[in-house]
Amino acid sequence: MFHILVVDDDKHTRLLFRTVLESENYTVFTAENGIKALDVMESEHIDLVVLDIMMPELDGYEFTRLLRESNNTLPVLMVSAKQLPSDKKKGFLAGTDDYMTKPVDEDEFLLRIKALLRRAKIASERKIEIGSVILDYDSFTVTRNGESQLLPQKEFLLLYKLLSYPGKIFTRIQLMDEIWGTETETGWETLTVHIGRLRKRFEGWEEFEIQSVRGLGYKAVKKL
C-alpha cells in the first residue's frame, strides 16, 4: 500500500485529493503547509508528495528544495493554480518530478501518480521487469527465461533509459546528453549504431521493441 502526502493550505483541495486517492486504495496523509509536511514525514513513511506551491510558512518551492538538498529523492508532484511557463520552470528547477495546474482532471491526476510511483520503484530496485525479461542495472545484464546476456555499458544504459519510460519519445539530443554526456564530441551516428545493435540483439522478442519516430528520435514500446 502506497502512502501519499497531500500538502495544500486549502482544506477543500486536501479533502478532494484525499477522496480521489483513497478511491484507488492509497493511504493518504495531509498537511496545510511545508512545515507541517516535514512533521508528518518524520513520523510516517511517505512514498510520494502532492504539493501546492503558494502556502504560508514554507511554500512548495522551498519545501522541494529542502528535500533535494538533503538528497531525498521522494517523488514530488506539484499541483498549482500558477500556470505560467516560468512558474513550471521554477518548479522543475526546485526539483519537482511533475507539475499539474488546477483545476486538475482527476483521471490524469491518478495516471501521473501511478507513473511517478512506477518510476520511483524502478529507481529504487534498479531493475525493470517486462514479462519474463529482467534488466538489472547493477550488472548490465538482460535476463530472459533464466538466460542472461551481458550488454556493453552504453547499449545497456540506452535500453534501460528507453524502457524506464515506455512510450515516451526521446530526442537524439536527449539520449546523447544522457548516455554520452553533454560535453561529448561523439556524433549522432554513434547513437544510430547503438540503436541498430540493440534492435538486432533483441530481434523477434515479443516483450518490447525500439521504434523510430520520424524527425524526433526513439521510443521503447512494451508489447505485453
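# Chatting through a predicted model

Visitor: Got it. What size of box do the C-alpha atoms fill?
Guide: Taken along the principal axes, roughly 55 × 40 × 30 Å.

Visitor: And how many of the residues count as buried?
Guide: There are 224 residues in the protein, and 42% of them count as buried.

Visitor: Which residues gather in a patch of positive charge?
Guide: R118, R119, K168 and K222 do, and they sit on the surface. Take R118: its place is helix α5, which covers residues 106-125.

Visitor: Why does R118 count as partly exposed?
Guide: Because its relative accessibility is 38%, and partly exposed is the band between under 20% (buried) and over 50% (exposed).

Visitor: Switching to salt bridges. How many does the structure hold?
Guide: It holds 15 salt bridges. One of them pairs R68 with D97, and their closest N and O atoms are 2.9 Å apart. That pair links distant parts of the chain, since R68 and D97 are 29 residues apart.

Visitor: Where do those two sit, then?
Guide: R68 is in helix α3 (residues 60-69). D97 is in the loop between α4 (85-94) and β5 (98-101). R68 counts as partly exposed because its relative accessibility is 23%, and D97 is partly exposed too, with a relative accessible area of 36%.

Visitor: Back to helix α5. Which side chains in it meet in a salt bridge?
Guide: E108 and R112 do, at 2.6 Å from N to O. They lie four residues apart in helix α5, about one turn of the helix. E108 has a relative accessible area of 32%, so it is partly exposed. R112 has 25% and is partly exposed as well.

Visitor: And what does E125 form a salt bridge with?
Guide: With K121, the closest N and O atoms being 3.2 Å apart. E125 and K121 both lie in helix α5, again four residues apart, about one turn of the helix. Both count as partly exposed: E125 because its relative accessibility is 41%, and K121 because its value is 45%.

Visitor: Which residues do salt bridges with shared partners join into one network?
Guide: D8, D52 and K102.

Visitor: Tell me about D52. Is it buried or exposed?
Guide: D52 is buried, because its relative accessible area is 6% and anything under 20% counts as buried. You'll find D52 in the loop between β3 (48-51) and α3.

Visitor: What does D52 touch?
Guide: Leaving out residues up to four places away in sequence, D52 touches V7, D8, D9, G60, V79, S80 and K102.

Visitor: What is the phi of F140?
Guide: Near 60°, which is a positive value in a residue other than glycine. F140 lies in the loop between β7 (133-136) and β8 (141-144). N145 also has a positive phi, about 50°, although it is not a glycine. N145 is in the loop between β8 and β9 (147-150). For background, most residues other than glycine have a negative phi.

Visitor: Is N145 buried or exposed?
Guide: Exposed, because its relative accessibility is 60%.

Visitor: Last one: where is I195, and what does it touch?
Guide: I195 is in helix α8, residues 188-201. It counts as buried because its relative accessibility is 1%. Not counting residues up to four places away in sequence, I195 touches L158, L162, I210 and Y218. I195 and S212 are 17 residues apart in sequence, and their C-alpha atoms are 9.4 Å apart in space.

Terms used. Residues numbered from 1 in each chain as written. Predicted model: local features only at pLDDT ≥ 70, side-chain atom pairs only at ≥ 80, totals over all residues. Heavy atoms only, no water. Patch = residues over 30% accessible without salt bridge, like charges linked within 9 Å, V, L, I, M, F, W, Y side chains within 5 Å. Areas by Shrake-Rupley, 256 points an atom, 1.4 Å probe, with all protein chains shown as cover. Salt bridge = Lys/Arg side-chain N within 4 Å of Asp/Glu carboxyl O. Lys, Arg positive; Asp, Glu negative; His and termini not counted. Charge placed at Lys NZ, Arg CZ, Asp CG, Glu CD. Buried < 20%, exposed > 50% of the residue type's maximum accessible area, 1.4 Å probe, protein only. Contact = heavy atoms within 4.5 Å.
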